[in-house]
Amino acid sequence: MADDVDIAAVADDGDAEIRTGLDRVVSGSSKILAWAIFLAFGITVYEVISRYVFDSPTFWAHETTTFLIAAIFLVGGPIALARDKHIRVRMIYDAVSPKGRRILDIVNSIIAMVFFAGLAYAGWIMSWKATHSPTGDIRFEGTGTSWNPPTPALLKMLVLVCVALMFVQTFLHLIAAIRRDVSAPANRAGEK
């Protein structure tokens, strides 16, 4: 029974899953980036009041909120990876020994790095096309509306940054998994 309390205490600790210094920085940035949701909410409220109370709709509110929410969604990938909150089949992972978990973590990291490398390559091509004309001149892709902000180009660059960040995070996780001592008794809430 006392072990259950210890497990719950470790599981409730927000930093229990943080494995590297980079993960700590990425996870900490989420507290700042979360305010973008309130900014998007405020812009939406402003648009509704402008449109329905003052009969003066804005031409920028929809595109701005769409950009903010899409950017928050993209940054969610590195944050979930930093906090070790990604989807995992716990039934298999928890059923194996610490040595087996270490092997699963190594294999998972290698597969994820190949996946992120492919996404980074595609993100690079996508970002280059969104920020350069066919002649090589710098021009940011716009939305094509009357306001025409460069949000598509910015989001494509953010895709590249987030995927590259997740590649580096996964590489650091791979190093940690390789160095992990499996001879020590494992705690059930997650190994360090």
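In this predicted model, helix H2 (residues 21–33) and helix H3 (residues 35–52) bring their axes within 5 Å of each other. The axes cross at roughly 20°. Angles under 35 degrees count as roughly parallel, and H2 and H3 are therefore roughly parallel to each other. On the H2 side, the contact uses Lys-31, Ile-32 and Leu-33. On the H3 side, Trp-35, Ala-36 and Ile-37 meet them. By class, this contact of H2 with H3 holds five nonpolar residues, one charged and no polar.

H2 also packs against helix H4 (residues 61–82). Here the axes lie 8 Å apart, at an angle of about 140°. H2 and H4 are therefore oblique to each other. The crossing of H2 past H4 is left-handed. From H2 come Asp-23, Val-26, Ser-27, Ser-30 and Leu-33. From H4 come Ile-72, Val-75, Pro-78, Ile-79 and Ala-82. The classes in the contact of H2 with H4 are seven nonpolar, two polar and one charged.

| Helix pair | Axis distance | Angle |
|---|---|---|
| H2 and H3 | within 5 Å | roughly 20° |
| H2 and H4 | 8 Å | about 140° |

Next, a histidine. His-173 is found in helix H7 (residues 151–179). Is His-173 buried or exposed? Its relative accessibility is 5%. Buried means under 20%, so His-173 counts as buried. Which residues does His-173 contact, leaving aside its neighbours within four places in sequence? They are Arg-19, Thr-20, Asp-23, Leu-81 and Ser-109. One of these, Asp-23, also takes part in the contact of H2 with H4.

Definitions and conventions: Residues numbered from 1 in each chain as written. Predicted model: local features only at pLDDT ≥ 70, side-chain atom pairs only at ≥ 80, totals over all residues. Heavy atoms only, no water. Axes fitted to C-alpha atoms, helices over the stretch in contact; angles between N-to-C directions. Helix = DSSP H or I, 4+ residues; strand = E, 2+ residues; numbered from the N terminus. Parallel < 35°, antiparallel > 145°, perpendicular 65-115°, else oblique. Contact = heavy atoms within 4.5 Å. Nonpolar A, V, L, I, M, F, W, Y, C, P; charged D, E, K, R; others polar. Buried < 20%, exposed > 50% of the residue type's maximum accessible area, 1.4 Å probe, protein only. Left-handed = near helix turned anticlockwise from the far one by under 90°.
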